[in-house]
Amino acid sequence: MADDSVKSEASAQQENGNTDNPKTVSSNGEAAAENQTLSKRQRKKLLKQQKWEEERELRKQRRKERKQQRRLDRQNHQEEEGGEGQNVRKRSRREVTPSSLRLVVDCSFDNLMLIKDARKLHKQIQRCYAENRRALHPVQFYLTSLGGQLKQSMDEKDKGWDISIKTEHYSEVVAKEELVYLTSDSPNVLEELDQKKAYVIGGLVDHNHHKGITFERAKELGIDHAQLPLSSFVKMNSRKVLAVNHVFEIILAYLEKGTWQEAFFTVLPQRKGAVAVDQDGTTIQEKEEEDSDSDSDPDTSDQPDKRV
C-alpha cells in the first residue's frame, strides 16, 4: 500500500510538472516545428531579410553622402566652366516661343470605333500632348467633341492637362472661316501653314473601314480642307493615311525646321518605307541608279562574250 501511495504521488507530481508552464511548452514546440518546416533556402532568405533590415540606416547614410558628392561635383564643374552650363539651359528655355497656330483633334468619331481603337487614339493624343510640351514652337492644342469611351479612358488616366478640352463640335469653338480640315482625300495641297488658321485632325482609328469620312465631313460643313504635301517630298510603300500623332508631330517639326521634307523625315516611322522625292518626281534612289547606269561603258557592256 505504501509503495502504491508513493508511486501515485510521484505520478501526480510529474503531471503537475508538465502542466506548470504550458506556454513555455507550447512556445518551444512551435519554434521547433517552425525550424523543422523551414527549408534551407527559406532560412537563408530569412537571414538575408534580417541583414537587409539591420543595414537600412547604413544604406540611407551612403545615399545621402553620394547625393552630397554629386552636388559638389556639379558646383565644381559649373565653376570651372564659368557657369556656362547653367546659362545654356536658361538660353534654351528663352528660345521656346509658342506659336499662335491652333491644332484641333476632332473626337466626334467615337461611335465608329471599338474600345481598343478608342484606347489607341487616346495613346496617340497622349503622344501629341507630350511632343507639344517639348516643342520649340508649341501650338494651341484643342480636343473637341470629347465624349463616350475616349472620354472615359482619358478621365481614368489623364489629369491636369493644360490644353483646351471641349465637348462641343469644333465648328462651335472656332469660326468656320478659320478652319482647315487636314485629310489625305482632299485635292488641295497645303503649301504652307497660316498662323491665323486652326487645322483640324480627324481623331479616328478605324483601319481604313471608313475611307474618306473626314473629307466628306469637311465638305458637309463647307469648311476649307487640304492634305499635307507628302507626295511632293516623300514616296512611301504604304498608304498615305497617317496616325493623329504623326500629323501633329509633322506640323510641330515644320514650325521648327521650316521645310516639309525635313519635317516628314524627322517624324515618319521607318516601317512606312519613306524615300525622298526629287523635284522631277523621281526618288533620290532611282536617280542614283540611273546615274550609275549612264556611267557604265557602253562599248564593253554591248560586246559579245569572246570566251571559247
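Trainee: Is Glu216 buried, partly exposed or exposed, and at what relative accessibility?

Mentor: Glu216 counts as partly exposed, because its relative accessibility is 37%. Accessible areas come from the Shrake-Rupley method with a 1.4 Å probe, and for residues only the protein chains shown count as cover. This is a predicted model, in which local features need pLDDT of at least 70 and side-chain atom pairs count only at pLDDT 80 or more, while totals for chains, interfaces and linings use all residues. Residues are numbered from 1 along each chain as its sequence is written, and side-chain values use heavy atoms, with hydrogens and water left out.

Trainee: What share of the residues of the protein chain count as buried?

Mentor: Of its 308 residues, 31% count as buried. The protein chain exposes about 21,400 Å², and carbon and sulfur atoms supply 46% of that area.

Trainee: How many helices and strands are in the protein chain?

Mentor: Helices (H or I, at least four residues) and strands (E, at least two) are DSSP runs, numbered from the N terminus. The protein chain has 14 helices and eight strands.

Trainee: Which residue meets Glu216 in a salt bridge?

Mentor: A salt bridge is a side-chain nitrogen of Lys or Arg within 4 Å of a carboxyl oxygen of Asp or Glu. The side chain of Glu216 meets that of Lys219, at 3.4 Å from N to O. The two are three residues apart in helix α9 (residues 213-221), so about one helical turn separates them. Lys219 is partly exposed, because its relative accessibility is 42%.

Trainee: How many salt bridges does the structure hold?

Mentor: The structure holds eight. One of them joins Arg56 and Glu53, with the closest N and O atoms 2.6 Å apart. Arg56 is partly exposed at 42% relative accessible area, and Glu53 is partly exposed at 39%.

Trainee: Which residue forms a salt bridge with Glu249?

Mentor: Arg127 does, and the closest N and O atoms are 3.5 Å apart. This pair links distant parts of the chain: Glu249 is in helix α11 (residues 244-257), Arg127 is in helix α6 (residues 115-134), and 122 residues separate them. Glu249 is buried, with a relative accessible area of 10%, whereas Arg127 is partly exposed, with 40%. Salt bridges also link Arg127, Glu131, Arg134 and Glu249 in a network.

Trainee: Which residues does Asn245 touch, not counting residues up to four places away in sequence?

Mentor: Contact means heavy atoms within 4.5 Å. By that rule, and leaving out residues up to four places away in sequence, Asn245 touches Gln124, Arg127 and Cys128. Asn245 lies in helix α11 and is buried, with a relative accessible area of 9%.

In helix α6 there is Asn132, which is buried at 8% relative accessible area. With residues up to four places away again not counted, Asn132 touches Pro138, Val139, Phe141, Phe248 and Leu252. From Asn132 to Glu249 the distance is 8.0 Å, C-alpha to C-alpha, although they are 117 residues apart in sequence.

For the protein chain, take contacts between residues at least 6 apart in sequence: 72% of these join residues at least 24 apart.

Trainee: What is phi of Ser145 near?

Mentor: Most residues other than glycine have a negative phi. Phi of Ser145 is near 55°, a positive value in a residue other than glycine. Ser145 lies in the loop between β2 (140-144) and α7 (148-157), and it is buried, with a relative accessible area of 15%. Gly148, in helix α7, counts as exposed at 52% relative accessibility.

Trainee: Which residues form a positive surface patch?

Mentor: Patches are made of residues with over 30% relative accessible area and no salt bridge; like charges are joined within 9 Å, and nonpolar side chains (Val, Leu, Ile, Met, Phe, Trp, Tyr) within 5 Å. Lys and Arg count as positive and Asp and Glu as negative, while His and the chain ends are not counted. The place of a charge is taken as NZ of Lys, CZ of Arg, CG of Asp or CD of Glu. Here the positive patch is formed by Lys60, Arg62, Arg63, Lys64, Arg66, Lys67, Arg70, Arg71 and Arg74. Arg70 lies in helix α4 (residues 56-80) and counts as partly exposed at 47% relative accessibility.

Note on methods
Buried < 20%, exposed > 50% of the residue type's maximum accessible area, 1.4 Å probe, protein only.
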